[in-house]
Amino acid sequence: MDHTPRRIIGMIREGDREHTIHSITPWLRASCYSCTVECPKQIPITGMMHALRRIALREQSYPTGLPVPVMERGFVNMVAKRGRSTESWLAVRMYLKTAPIQLVKHAWTGQRLMRRGRMSLGRESVRDRAQLMKLLRAAETPPSRVPTSVVEGAR
Amino acid sequence: MTRAYYPGCSMSGTERAYEGSLLAVSETLGTGLNELDDWNCCGASALASVDEDRAFALGARNLALTESRVQGEAPVDPVAARTGCYRALLEAERSMAEQQAVANRIDGALQAVGLRYDGRARVRHPIDMVVNDIGLERISRSGPRDPPGGGMKTLVTTARAAASIRPGFKGVRT
């Protein structure tokens, strides 16, 4: 993490937009919600980090070289097309795009998971994929109305 | 009480042990959990990081499918096994309940594909169901004697993933 969450909030309040949206911090947080629950001021920190990710993706200012944005994009594309995610394909795709050598390293684990029936290469999907894609298209937020309210609220 | 089991994408994969325990315990306790037909991914935290409305739409489709199981006004509870799914579905449910603008947008998207959500489906977590619907007393009295596949101990240890026991989360009062 280049900036702690406390510092990120300070940067937003000071209007340091440039450094805030280029920070790698939102991409390293686990979305475990501990901070949101513990915060004595009830600041929705997890929601804030998600909002920062949305802004960074929109403005293409997310950090390169980190696996998280790559995996997130792969996950979103997979779910948008098939309605379900398949862990094995997601992992393979992420490693191919970020660190192919890891595939070799983890091949043994993958094989063991498969032997135990905990991983398979069969791709999951909902029955009517066209319906799901139509639903997501209908719900998609147009660029003109991008919700940045959480970040604005912190100011 | 009508329930539907929402497995999510990893229950038949890496979380197989959890699914085995959950279903074994459910059967012993007679919770009537059976899989929601044609469920879709909840979007996890990744979709919320890209587009909130699309994440809510994914959640809303599952809620609408759950409701279509029971006609009329009766509530019906989708039980989301994985903490991430539980949280994502709950966020969709709450955002629609609390923000009229969100509800209108998502209702419109559902309508475009012939689905409808009335607000009868209330997302539950297995621990919530076990503690608040069935009750610890009944479990200790007649509880499962570790059915094959793991049983209560495995269910409780795997279900208690970090984020599920947050006090702010509706219904989970453990």
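1. Where is Pro40(A) found? Pro40(A) sits in the loop between helix H4 (34-38) and helix H5 (45-58) of chain A; helices are DSSP runs (H or I, at least four residues), strands likewise (E, at least two), numbered from the N terminus. Pro40(A) counts as exposed because its relative accessibility is 71%; exposed means over 50% relative accessible area, buried under 20%, partly exposed in between (1.4 Å probe, protein chains only).

2. This is a predicted model, in which local features need pLDDT of at least 70, side-chain atom pairs count only at pLDDT 80 or more, and totals for chains, interfaces and linings use all residues. Residues are numbered from 1 along each chain as its sequence is written, chains are lettered from A and ligands numbered from 1 in the order in which they are written, and side-chain values use heavy atoms, without hydrogens and water.

3. In helix H1 (residues 5-14) of chain A, the buried residues include Ile8(A), Ile9(A) and Ile12(A). On the other side of H1(A), Arg6(A), Arg7(A), Arg13(A) and Glu14(A) are exposed. Gly15(A), with a positive phi near 80°, follows H1(A).

4. Not counting residues up to four places away in sequence, Tyr117(B) touches residues including Leu63(B), Glu93(B) and Asp107(B), contact meaning heavy atoms within 4.5 Å.
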